[in-house]
Number of protein chains: 2
Amino acid sequence: MPVVLAASVEHASVLLSLFLIIAAAKVMAEIFERLRQPAVVGEILAGVVIGPSVLGWVQPSDLIAVLAELGVIFLLFTVGLETKPQDIFRVGKKATLVAVLGVIFPFIAGYLIAMLWDGVFVEAMFVGAALVATSVGITARVLGSMGLLDKETARVILGAAVIDDILGLIILSVVSGIGTGGFNISGVAKTAGLAILFTVVVGLLGSRVMTRLAPRIDRLRVNKPFFNIGILLCFALSVVSIYFGVAAIIGAFLAGMALAEATEENEKMHQLTSGVTEFLVPFFLVNIGMQLDLSVFRDSSVIVLAAVITLAAVITKFIGGGLGAWGMTRREMSQIGVGMIPRGEVGIVVAQIGLGMAVISQQFFAAVLFMAVATTLIAPPLIKFFYSEDKNKDGIDDVIVDTDVSEDYARLG
Amino acid sequence: MPVVLAASVEHASVLLSLFLIIAAAKVMAEIFERLRQPAVVGEILAGVVIGPSVLGWVQPSDLIAVLAELGVIFLLFTVGLETKPQDIFRVGKKATLVAVLGVIFPFIAGYLIAMLWDGVFVEAMFVGAALVATSVGITARVLGSMGLLDKETARVILGAAVIDDILGLIILSVVSGIGTGGFNISGVAKTAGLAILFTVVVGLLGSRVMTRLAPRIDRLRVNKPFFNIGILLCFALSVVSIYFGVAAIIGAFLAGMALAEATEENEKMHQLTSGVTEFLVPFFLVNIGMQLDLSVFRDSSVIVLAAVITLAAVITKFIGGGLGAWGMTRREMSQIGVGMIPRGEVGIVVAQIGLGMAVISQQFFAAVLFMAVATTLIAPPLIKFFYSEDKNKDGIDDVIVDTDVSEDYARLG
């Protein structure tokens, strides 16, 4: 029956690759949990292992990229659902300072390293820009699984990540403008203005609008109205945010925050959303790992460059982010500093834009790619370390979170 | 900032099309619920409206096809979770008879219509084969949303759908063999034997194995162990089932059944799984609607052919399926008959195989495609009609299901 099989085997191979991704992620998560290491690190390494670098069982593809994007979108949506707007506004000043210093330090470091290496001006600007962005998904995942998303430092990190994204956009628009020779200050100002306008307006009004609409949502006839409205709002704001120049995950986070008060008591809606997140997040983590290209290390000079850039990325973000939280305890400053370290998919995107514009060389691209994945692997153990006392001290009573709920509760399911 | 935007606008357009699919599905579901019509019909029609036939806002794509496949896989997995193997075995004989008669009647009707029209032998065999398969996802969705999956008739339908799929495979392997001139009885016997072996072995042993493994699953360190193991088993059996010649949804259903006892009390695992299903099912339903090509109706003779085939498909499945349940009450026979009517994606796949082998003409392909979508639209109101008394009589106490849970409960979320 060759014909029938031919028609369905292609289907089977897609399903098989999805199975391999989830299986590898969960096996590695289990191993890392047993070693008392963060599960996310295991899941990212799963991507390195089954990806082109090592076994080559699964190749990066458009489909996997979309599932990965949906994974991080739902992750931030779920985190938003646990975060009321006033929680973020209350730490607004601190978050702004954390974001600004956490952007300036890495940018200067990246620029200087690239110039000293052998880079030209535009190239060095791009390397600096790639070191700026924070991938808040990783930190949110780790803190969520520890049940610590309601800590003040977690909120500072979330707020700073939103501002960080806007600052990253401004830097990228300046750098891209210089790269294409089309830089003009009014264009950059317009880009920045739109992004800030979108974020502030949705952040300020979203929750009020959704809380007012809640009784109407409750009267809808469609099944699971809050869950469905939540998904629609999440997709809508993700799409709109891209058109305003902000990352899709920022829109998803704002969508979650807008619904945080209206669905506070709605355990079921949170569970349903959490199911989607749990299913999709492994694609996000594995996909990061699959981006790592170990073959660049045949060239030993790239190893040095990658190591230097990675070290600079970790230290400058830790110091910059930490100093921004001046006035808090030293431990809290450290918690915020490490929380800002992961660059993940955001750093990769910036590097890809530079490569697409042919303004950065293959060696800088490879080094930045390595830095993006490496910071994402280095940060979770540091986060776990600096937050470990909080967890022991406050216990699970303090846990309101459901990205991963407290570990005790999450054991079920 | 044209470069940055160009890089993300493609992303935005993918997210936008996913948003449009969910939004259209939910708006139509709401409208149909208000008209007291089945929501699934609204969601399929949403696909007709936003698809190439009418507005052309969203085009069928590989990505949407994969999401649709995942949707029906999770749907059957969720239904399996609510179905213990003995529930199916207990109605095994009835289900077999329902499947056999529900296959013979439509096959003969399709064959005769095609021969009388102007079809050649192989072509007529293919049209017959396309009328055979039942798309159990639609029926499961409707019964699930009414909270009636634990009815005996629902179990007969589920059991019959599994057997139906194997019978469909055998017929398709015979027909394809004839089409390619490579027909041999031993090949068909081997195909059939493997499919039956797989289904029976997994059906018999799956639940015992998973119930025995349950304490070990409970001891895993990974978060949400039952949910994650469930997803892995679902994907694994979906893939393996394809290699055994059975549809992926049969593997997913068997995976759910294997876990039904072990997770019976695990409300949280069911909620998490239900979240994934709820998110993905609209893609399955909308994708069916998007397949409809209304432009074929420029040729009036195709209209007649499509109408005749659709009518035959409805009547023969209703009578064949119903007669198979001989010995039950007339209402129960009708319930089973209507439950077998939807052809959905299965009929479409058979027609596509025939088209791919160049053994069926465009007019028959168009008519079968129409029949597949039309039966899927016609069945839900009939199912709702024939089951309406059960729902009123027994009330929600009878509801254990969570595909959509009882409507009262499902209102939350």
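Tutor: Happy to! Let's start where the chains meet: across the interface of chain B and chain A, the rule finds two salt bridges, each being a side-chain nitrogen of Lys or Arg within 4 Å of a carboxyl oxygen of Asp or Glu. Keep in mind that this is a predicted model, in which local features need pLDDT of at least 70 and side-chain atom pairs count only at pLDDT 80 or more, while totals for chains, interfaces and linings use all residues. Residues are numbered from 1 along each chain as its sequence is written, chains are lettered from A and ligands numbered from 1 in the order in which they are written, and side-chain values use heavy atoms, with hydrogens and water left out.

In one salt bridge, Lys224(A) meets Glu278(B) at 3.5 Å, N to O. Lys224(A) sits in the loop between H9 and H10 of chain A; helices (H or I, at least four residues) and strands (E, at least two) are DSSP runs, numbered from the N terminus. Lys224(A) is buried at 0% relative accessible area, where buried means under 20%, exposed over 50% and partly exposed in between, with a 1.4 Å probe and protein chains only. Its phi is positive, about 50 degrees, although Lys224(A) is not a glycine.

Now for the aromatic rings. One aromatic cluster is formed by Phe74(A), Phe77(A), Phe235(A), Phe279(B) and Phe283(B). Over all chains there are 18 aromatic pairs: rings of Phe, Tyr and Trp (its six-membered ring) with centres within 6.5 Å, called stacked if the planes are under 30 degrees apart, edge-to-face if over 60 and tilted for the rest. Phe74(A) and Phe235(A) are an edge-to-face pair, 6.3 Å from centre to centre with 75 degrees between the planes. Since Phe74(A) lies in H3 (residues 62–81) and Phe235(A) in H10 (residues 225–243), both of chain A, their pairing ties together parts 161 residues apart in sequence. Phe74(A) counts as buried at 0% relative accessibility, and Phe235(A) counts as buried at 1%.

Phe198(A) and Phe244(A) make a stacked pair, because their ring centres are 5.1 Å apart and their planes stand at 15 degrees. This pair links distant parts of the chain, 46 residues apart: Phe198(A) belongs to H9 (residues 185–219) of chain A, and Phe244(A) to the loop between H10 and H11 (248–260) of chain A. Phe198(A) is buried at 6% relative accessibility, whereas Phe244(A) is partly exposed at 27%.

Chain B has covered helices too. H14(B), residues 330–339, has seven of its ten residues buried, so the rest of the structure largely encloses it; Met333(B) and Ile336(B) are among them. H6(B), residues 121–130, is mostly covered, with eight of ten residues buried, including Glu123(B) and Phe126(B). By contrast, Ala358(B), in the loop between H15 (344–356) and H16 (362–394) of chain B, is exposed at 65%, and its phi is positive, near 55 degrees.
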